[in-house]
Amino acid sequence: MPAVLVLWAVAALLVAAALGVALHRARFASRAIYLISLAASLVILVAAGSHLLAGAPASPGVHLPVGLPWIGAHFRIDALSAFFLVVTSLGGAIASLYAIGYGEHEEAPGRVLPFYPAFLAGMTLVVLADDAFTFLLAWEFMSLSSWALVMAHHHDADNRAAGYIYIVMASFGTLTLLLAFGLLAGPDGGYTFDAIRRAEHVMPGVVLLLMMVGAGSKAGLVPLHVWLPLAHPAAPSHVSALMSGVMTKVAVYGFVRVVFDLLGSPGWWWSSILLTVGGTSAVLGVLSALMQRDLKRLLAFSTIENIGIVFIGLGLALAFKANGMAAAAALALTAALLHAFNHSLFKSLLFFGAGAVLTATGERDIEKLGGLIRTMPQTAFLFLGGCLAISALPPLNGFVSEWMTFQAVLLSPALPQWVLKLLVPAIGAVLALGAALSAACFVRAFGIAFLGRARTPAAAAAHETDRASLAAMGLCLLLCLAVGILPGLLIDLLGPVVQGLVGARMPQQSSLPWLSIVPVAESRSSYNGLLLFLFILLSTLITIEAIHRFASHRVRRSPPWDCGFPDPNPATQYTADSFSQPIRRVFGTLVFRASERVDMPPPGDTRPARLVVSVRDTIWETFYAPISDLVSVTGERLNRLQFLSIRQYLSLVFAALVGLLIMVSIWQ
Amino acid sequence: MLLVLALAPLLLGFTRKVKARLLRRRGPPVLQPYRDLLRLIRKEAVIADNASWLFRSGPYMIFAATWVAAALVPTFATGLTFSWAADLIAITALIGSARFFLALVGMDVGTSFGGIGSSREMMFASLAEPATIMIVFTVALVAGSTQLSSIANHMLDHASLRVSLGLALVALIIVAVAENARIPVDNPATHLELTMVHEAMVLEYSGRHLAMIELAAAVKLLLYVSLIACIFVPWGLAPAGASLAAYAIGLAAYVAKLLVGGFVLVLFETSIAKMRVFRVPDFIGIALMLGLLGTLLRFVSGSF
């Protein structure tokens, strides 16, 4: 019974949370709590992984008599939840391993230790839930515990603002989820997922839109993403990794569960919404990431991009499913799920790296770093691996899922709807644009932070991070490489998941020669990460061998040449802002209304000339600023109600009573 | 694999010679790039004081990725043993990997010229790469495959003039010019110029490391010419398991295609002036739009 095992692990996590409250002053507390979290996550990983390996046989649910008296709490593991349990528990396990080292640097462990296991437990329960009530309860538990973690360093005003926006957006998201499940359950109130699956749904399109808002805001879809780049970096780094790498995947799970599983057959126009929103998120996310100087915020924006890619895959899968093209839907859905898994790996790795840099230098601003490859060589190597993976470069894993999404795009001329025929090629272009921009983004991030010369004394005095952190990052990179060169094995594991959702699965991959992957037919397309990896390795070795045999071995160290104008001042290096300037000029004028103005003093004036760059957050200005203005204006108006006399209050009550009575009479 | 390596400097030497002749200069001998490479390999490598391990290993990775990508393009025969290991999208991504490392090593020493080069290279790439993918889409939708061998076979069997293929050809030529740092985008023969891109990134290299990077650049040029030849003029390609004579014909045809390709490239280069950096995005944007248009046409109807 894997579900029972997982529930026991969740119970252990909750006990750990309680221990965190009780013991946070003890010196061993941090290590103990993270060890318990690690062990519990591993138990979940083994339980869910073995369930998936066994081909996800149907297993009975668990019914606990807690919660609402006439419903109780239902838990069950099927193929989909097993896969996402693997994602959450793997991410949780690696983050706990990292935190064994990283948590030692925490100034106020009492603010982190109780909530960290609770957050893990919440995410696990969301995936495990088998009725709407438990799902929502676990969802809210997850939101609140992560909110507490965002507020861990609440002395910083920015963090408080981030926490405020996060809690508002999270509550709003839960509200829409509540409405979505209300519509799903219908007037009879069948709240178990089984009952919802059997029921006739009213207004499924509205449910889809509500899910897009509810799950999409948690996942970070544009334009509901505004909280994400504020909240994710505010938390301690291992929690940032969990929020970006894992919690967004829980949101994807919620969306897939409802839209693909519970909601029945989709309408074709749903996919056009998904594709548009996904494409917008992909491009806007990565463009915003390119403009950031804060390393962790940059990573958070890149999460938005990757979630966009996942939703493009989901949108394609919906389009194919609505048109009865089961095999193509299986390819697109597998690509989306694989990308979700891949993203959880490399995004965790990158956040761990950012955390290591943060503890070593105390800086998140990449303009104040530089040259870390010499002081933190191992972290630099691992971070570079993460950059390669997220930039979708072969032979690492990011490329595989992106390649499969491209293959799914290539299958879509067969779609009958004209809207989709015109939309899908544009989305393909957007996907390619996103991949190229994210390569630029991570060249910038790695190049400015780790290469070059140290820009501040803090960066020059950096030191290598601890062994637990390095082990966690190394494990992430190894998994990235493993998925990149042997994607067929994972695709086969995803077979039962996809089978259950779209009624078909990708052809068996592991039996193919050389472990290559063939989505449709070999004459159409195939990719072999293993061979490509071997080729690159082999040709590199041959080249090095040949060069070392025939070429001169002499090496002379000298000051850099720089075309004859070397300047010893590290401030003359290219900065992050200047690196992104060409891209800001090409894309930013449209998207961010970016502008540059040179402020040149008149002759005789001794003040320095300045280059003023303005980048505006168009999404905030278009969608959120009006809302927040409206709220504050209304608040201001209603404020007067606080200072009325007793007579005025009484007349208000009377007016309300009369109004209600009139309403009742009209209603009847 | 060795063929591309042997021919790449020759193509470079040929283009330089033709360009010089077109400018009424005598020009270096065709074999000069080989001599340059040999000379560079024999020289000592001068490395900046603060260069890291990435600076020293970068050239090998750049070269290896480019070499593998070039080896996956059919040159004179379609039946490559491992052609199924990577399709056109993967080849594009491999070139992307090489570019990624090139941009990183440009920033390693921490000089302003290196940063300028990397930044501009990534800006060009952010448009050139989607353009390539769109071209791949167009071609793949015509041929029903992203495998280069299958595409070449399809083009051989069902040769016909198509609007979408024409758009893709123009787009691919633009991308090739941009990716190889040729004239309207970048000048391969310049130093000490604020507009340089590729040369700015490799400014700090010398000796054997520079030789690897130069060779990688030559292989990349050959790759693009072979790619255009393989997709749009596949005639003469020997099918899998053909006779020795067919291979000989294929090889001769390939060399002829390279010569024609190199000549056309140089003709184009000498007849156009270099662009300002911020006009280049428009230039590559044309390629992107043409590729997108080609794909759209294929989505709308199979007859384009």
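A:Ala79, A:Leu80 and A:Phe83 in H3(A) meet A:Leu494, A:Pro496, A:Val497, A:Gly500 and A:Leu501 in H20(A). Residues in contact have C-beta atoms, placed from the backbone, within 7 Å; helices (H or I, at least four residues) and strands (E, at least two) are DSSP runs, numbered from the N terminus.

This is a predicted model, in which local features need pLDDT of at least 70 and side-chain atom pairs count only at pLDDT 80 or more, while totals for chains, interfaces and linings use all residues. Residues are numbered from 1 along each chain as its sequence is written, and chains are lettered from A and ligands numbered from 1 in the order in which they are written.

**Exercise 1.** Determine how the axes of H3(A) and H20(A) are placed, and classify the residues of this contact.

*Solution.* Step one: locate helix H3 at residues 79-102 and helix H20 at residues 487-502 of chain A. Step two: the two axes come within 8 Å and cross at roughly 135° (axes are lines fitted to C-alpha atoms, for helices over the stretch in contact; angles run from 0 to 180 degrees between N-to-C directions). Step three: H3(A) is therefore oblique to H20(A) (under 35 degrees is roughly parallel, over 145 roughly antiparallel, 65 to 115 roughly perpendicular and the rest oblique). Step four: by class, 7 residues of the contact are nonpolar, 1 is polar and none is charged (Ala, Val, Leu, Ile, Met, Phe, Trp, Tyr, Cys and Pro are nonpolar, Asp, Glu, Lys and Arg charged, and the others, Gly among them, polar).

**Exercise 2.** Describe the crossing of H1(B) and H9(B), and name residues that meet there.

*Solution.* Step one: the axes of helix H1 (residues 2-22) and helix H9 (residues 207-232) of chain B come within 8 Å and cross at roughly 90°. Step two: H1(B) is thus roughly perpendicular to H9(B). Step three: the residues that H1(B) brings include B:Val4, B:Leu5 and B:Leu12, and those of H9(B) include B:Leu215, B:Ala218 and B:Val225. Step four: the residues of this contact divide into 13 nonpolar, no polar and no charged.

**Exercise 3.** Examine the backbone at A:Ala392 and at A:Pro395.

*Solution.* Step one: A:Ala392 is not a glycine, yet has a positive phi of about 55°. Step two: A:Ala392 is placed in the loop between H15 and H16 of chain A. Step three: the peptide bond from A:Pro394 to A:Pro395 is cis, with omega near 5°. Step four: A:Pro395 lies in the loop between helix H15 (377-390) and H16 of chain A.

Definitions and conventions
Two residues are in contact if their C-beta atoms, placed from the backbone, lie within 7 Å.
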